[in-house]
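I opened this entry to keep track of what I looked up. My notes follow in the order I made them.

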Amino acid sequence: MTNSAPSALRPQHPVPRSLSGLVEEFNLDLRDDIDGLEVTGVSLSSRTVQPGDLYVGVPGRNSHGATFAAGAAEAGAVAILTDPAGAELAAHAGLPIVVTPDARAALGAVSAWIYRTDENPATLFAVTGTNGKTSVVYLLSAILNQLGIVSGLTSTAERRIGDIAVTSNLTTPEASELHALLARMREAEVRAVGIEVSAQALSRHRVDGLVFDVAGFTNLSHDHLDDYDAMEDYFQAKLELFSPDRSRRGVVTVDSDWGRRIVDECRIPVTTLTTRDDVDADWRMRVVAESALFTEFVLEGPDGRRLTARVPLLGWYMAANAVLAIVMLVESGFDLGAIEHALGRDGGIDAYIPGRAERVSGDRGPLVYIDYGHSPDAFLNTLEAIRKFTPGRVIMVFGADGDRDTTKRAEMGAIAARGADVVVITDFHPRFEDPAAIRATLIAGAREAVPDREVHEVADPRTAFRTALALAQEGDSILYAGPGHEDYHEVAGVKIPYSARDDARAALREAGWL
Ligand SMILES: CC(=O)N[C@H]1[C@@H](OP(=O)(O)OP(=O)(O)OC[C@H]2O[C@@H](n3ccc(=O)[nH]c3=O)[C@H](O)[C@@H]2O)O[C@H](CO)[C@@H](O)[C@@H]1O[C@H](C)C(=O)N[C@@H](C)C(=O)N[C@H](CCC(=O)O)C(=O)O
Ligand SMILES: Nc1ncnc2c1ncn2[C@@H]1O[C@H](COP(=O)(O)OP(=O)(O)OP(=O)(O)O)[C@@H](O)[C@H]1O
C-alpha cells in the first residue's frame with residue numbers, strides 16, 4: 001500500500017541546531033541578531049517551508065527566491081539565507097538575514113549540517129545516464145529487498161521508503177529536499193539508497209553535501225539540448241559524477257563511446273560493463289532467453305564470477321539495467337553468490353517499475369504498453385523490444401514535451417515511423433507551446449523518414465489512444481510512449497489530471513478486452 005499524502009518526506013524527529021552554530025561553521029555574513037534561534041529544517045521554496053525552517057532564497061529563471069521571504073516568514077521560517085542581492089529583496093520581510101555569496105552553492109553543505117546526514121549514513125548509490133536511471137534505481141531497491149536490506153529510493157516517479165512514497169516533481173530533488181529525505185530514511189533504519197542523478201542536478205548543486213559510495217552510468221543519447229548547448233556539455237555535466245568529490249567508485253556501461261570516455265576521463269576507480277560482444281569490459285551480460293513477460297541473462301565477471309537471473313520486464317536494455325544494478329551492489333561489497341542465491345530463490349528479480357514498458361492489457365486482445373520513453377533512443381529500444389514479440393502490427397501513440405528540447409522532435413517522429421506500422425501523434429505536455437506546431441514537427445519527421453507510413457493526428461490523448469485501440473486486433477501491440485507513471489497533462493501552466501495507465505485500462509474495458 002502507498003501513502004502519498006505529503007509532498008516531501010522529512011525527518012519526523014529533527015534535532016534542532018543553533019543558527020549561530022551554522023553561521024560559524026560556514027563563515028556566513030550575519031546581518032541581524034540570531035541569538036538563541038534554532039533551526040530544524042531547510043527549504044528552498046516558500047511553498048514548502050515548515051515552522052522552524054531556514055528559508056534559502058536563490059535566484060532563478062523566473063524570480064529571486066528572496067522575493068518570497070515574507071511568505072516564508074508567515075509559514076514559520078526562522079531566518080533567511082541568501083546572497084547580497086537577495087538580502088536587499090528580503091530586507092523588510094521580518095526575518096533575520098544571513099548572507100553568503102552563492103546560496104545555491106551553499107545549500108548542500110548547509111542542508112547536510114542541519115539534517116546531520118553525514119552521521120551514520122546509509123550506502124549511497126547514484127545512477128546517471130540519459131535512459132534507464134529510474135529503472136536501475138528500482139532494480140537496485142528490488143534486489144536489496146530480496147537480500148533483506150532495508151532500502152530507499154528517489155527517482156523521477158517517486159521518493160520511496162518501504163511502503164511510504166511521495167510523487168516526485170523533479171528527477172533529482174533540490175539538495176534541501178534530498179538531505180531531508182535521507183534524514184527521514186535514517187529514522188526508518190534504511191541501510192542503502194538508490195538515487196537517480198540527472199545532469200541538471202549535477203549542474204545545479206542538487207547532490208552537493210554527499211559523496212556516493214558507487215555511481216553507475218547507463219548511456220548517453222540525444223536529450224536536454226534545451227539545458228545544454230551541445231552533447232559535449234551534457235556529457236561533461238554527467239562526467240562530474242565520476243569525480244572524487246562526488247563518488248568513491250563507479251560502474252560504467254561501455255556499450256557507447258560516451259561510456260568509454262567516462263572511463264578514460266574520470267578520476268575515480270571504475271569497473272566496466274558491456275552488453276556487446278565486440279567491446280572489452282570487466283563484466284559482460286548476454287541475454288539467454290526472453291519473452292514479452294521476462295528477460296533472462298547471464299552476467300560474467302572477473303575471476304570466473306558468473307550469475308544467471310531474470311527480470312520480469314521486456315527488452316535487453318532492462319537486463320542491461322539489471323546487471324548495472326548488480327555490479328554496483330558487488331562494488332559496494334555484496335557477494336555475487338549471495339545475490340544469485342536470493343534472486344534464484346525468488347525466481348528472478350522481483351521488480352515493478354511504474355510506467356516503464358508497463359503492460360496494462362490483460363490476457364485477451366492487443367498487448368498495451370505504457371512507457372515513459374521520451375527520447376529518440378528510448379523510442380528505438382522500446383519499439384525493437386516490442387516488435388520482437390508482436391506477431392501482428394505495432395501501433396505507436398506519442399507526443400513531445402512543449403518548452404523542452406525541440407531539436408529531438410523530428411528524430412522522434414522518424415524513429416516511430418521506422419519502428420511502428422501505424423503512428424498516432426497526440427499532445428503530451430504542450431506547456432506554453434502551440435500543440436499543433438509540436439504535432440506538425442513530429443509528423444514531418446515521420447513523413448520524411450517513411451513517406452507512406454500510416455499516420456493519424458489526434459490532439460486529445462484519450463481519443464488518440466482509442467483511435468489506436470480501434471485499429472488494433474489480437475496479436476497487435478500498442479506502445480503509448482511518453483506519459484509513463486505520470487498522472488497529469490500540462491497545458492499552458494495548468495496540470496490537468498490524466499493517467500495514461502488508468503485511461504488505457506478504461507479504454508480496454510470499453511472495448512471489451514479487459
Ligand atoms: C532549470 C531548472 O532546473 N529549474 C528549476 C529551478 O527553477 P528556477 O531556478 O528557475 O526557479 P524560479 O522558478 O525562478 O524560482 C526561484 C526560487 O524561488 C522559489 N519560489 C518560487 C515561487 C514561489 O512562490 N515561492 C518560492 O519560494 C523557488 O523555489 C526557487 O527556489 O528551481 C525550481 C525549484 O526547485 C525547480 O522547480 C526548477 O525545475 C524546473 C521545473 C525544471 O523543469 N527542471 C528540469 C529542467 C530538470 O531539472 N530536469 C531534470 C532532468 C530530468 C530528466 O532526466 O529527464 C530533473 O532532475 O528533474
Ligand atoms: N538501458 C537503457 N537503454 C536505452 N533505453 C532505455 C534503457 N533503460 C530504459 N530505456 C528506455 O527509456 C525509458 C525511460 O526509462 P527510465 O525511466 O528508466 O529512464 P530515466 O533515465 O530514468 O529517464 P528520466 O530521467 O527521463 O526519468 C524506458 O521506458 C525505455 O524506453
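UniProt positions are given in the numbering used here, feature names are shortened, and annotations may be inferred rather than shown by experiment. With that in mind, I looked up the modified residue. UniProt lists Lys238 for "modified residue: N6-carboxylysine", in an unreviewed entry.

**Ground rules.** I am working with a predicted model, where local features need pLDDT of at least 70, side-chain atom pairs count only at pLDDT 80 or more, and totals for chains, interfaces and linings use all residues. Residues are numbered from 1 along each chain as its sequence is written, and chains are lettered from A and ligands numbered from 1 in the order in which they are written.

**Lys238.** I found Lys238 in helix H8, residues 231-239. Helices (H or I, at least four residues) and strands (E, at least two) are DSSP runs, numbered from the N terminus. Is Lys238 buried or exposed? Lys238 counts as buried, with 23 C-beta neighbours inside 10 Å. My cut-offs: buried means 20 or more other C-beta atoms within 10 Å of the residue's own, exposed means 12 or fewer, and partly exposed lies in between, with C-beta atoms placed from the backbone. I then listed contacts (C-beta atoms, placed from the backbone, within 7 Å). Leaving aside neighbours within four places in sequence, Lys238 is in contact with Thr128, Ala199, Leu202 and Leu220.

**Domains.** The protein chain is divided into domain 1 (17-115), domain 2 (123-345) and domain 3 (358-510). These bounds come from an automatic or database domain assignment. I noted 44 Å between the C-alpha centres of domain 1 and domain 3. The record places "domain: Mur ligase C-terminal" (unreviewed entry) at residues 355-483. Here the end C-alpha atoms lie 8 Å apart, and the span is 39% helix and 19% strand.

**Ligand 1.** I counted a residue as near a molecule if its C-beta atom, placed from the backbone, lies within 6 Å of it. Ligand 1 has 20 residues around it, and Ser45, Gly60, Arg61, Thr171 and Ser198 come nearest. Where does ligand 1 lie? Domain 1 and domain 2 both give residues to its shell, so ligand 1 lies between them. By class, that shell divides into 5 nonpolar, 10 polar and 5 charged residues. I used these classes: Ala, Val, Leu, Ile, Met, Phe, Trp, Tyr, Cys and Pro are nonpolar, Asp, Glu, Lys and Arg are charged, and the others, Gly among them, are polar.

**Ligand 2.** Ligand 2 is surrounded by 24 residues, the closest being Gly132, Lys133, Thr134, Thr156 and Gly373. Helix H5 (133-146), helix H10 (316-331) and helix H12 (376-388) are the elements that give two or more residues to this shell. H12 supplies the largest share, 4 residues. I noted 5 nonpolar, 14 polar and 5 charged residues around ligand 2. Domain 2 and domain 3 each contribute at least three residues to the shell.

**Helix H12.** I went on to H12 itself. Of its 13 residues, 10 are buried, so H12 is largely enclosed by the rest of the structure. Among the buried residues are Asp377, Phe379 and Asn381. They pack against H10, strand S20 (367-371), strand S21 (394-398), helix H13 (409-419) and strand S24 (477-481).

**Positive phi.** Most residues other than glycine have a negative phi. I looked for exceptions. Arg116, not a glycine, has a positive phi of about 55°. Asn120 has a positive phi too, near 50°. Arg116 sits in the loop between helix H4 (103-115) and strand S8 (123-128), and Asn120 is also found in the loop between H4 and S8. Arg116 is partly exposed, with 17 other C-beta atoms within 10 Å. Asn120 counts as exposed, with 7 C-beta neighbours inside 10 Å.

**Asp29.** My last stop was strand S2 (residues 29-30), which holds Asp29. The C-alpha atoms of Asp29 and Val98 are separated by 5.7 Å, though the two are 69 residues apart along the chain. Asp29 counts as exposed, with 12 C-beta neighbours inside 10 Å.

How values were computed
Contact = placed C-beta atoms within 7 Å.
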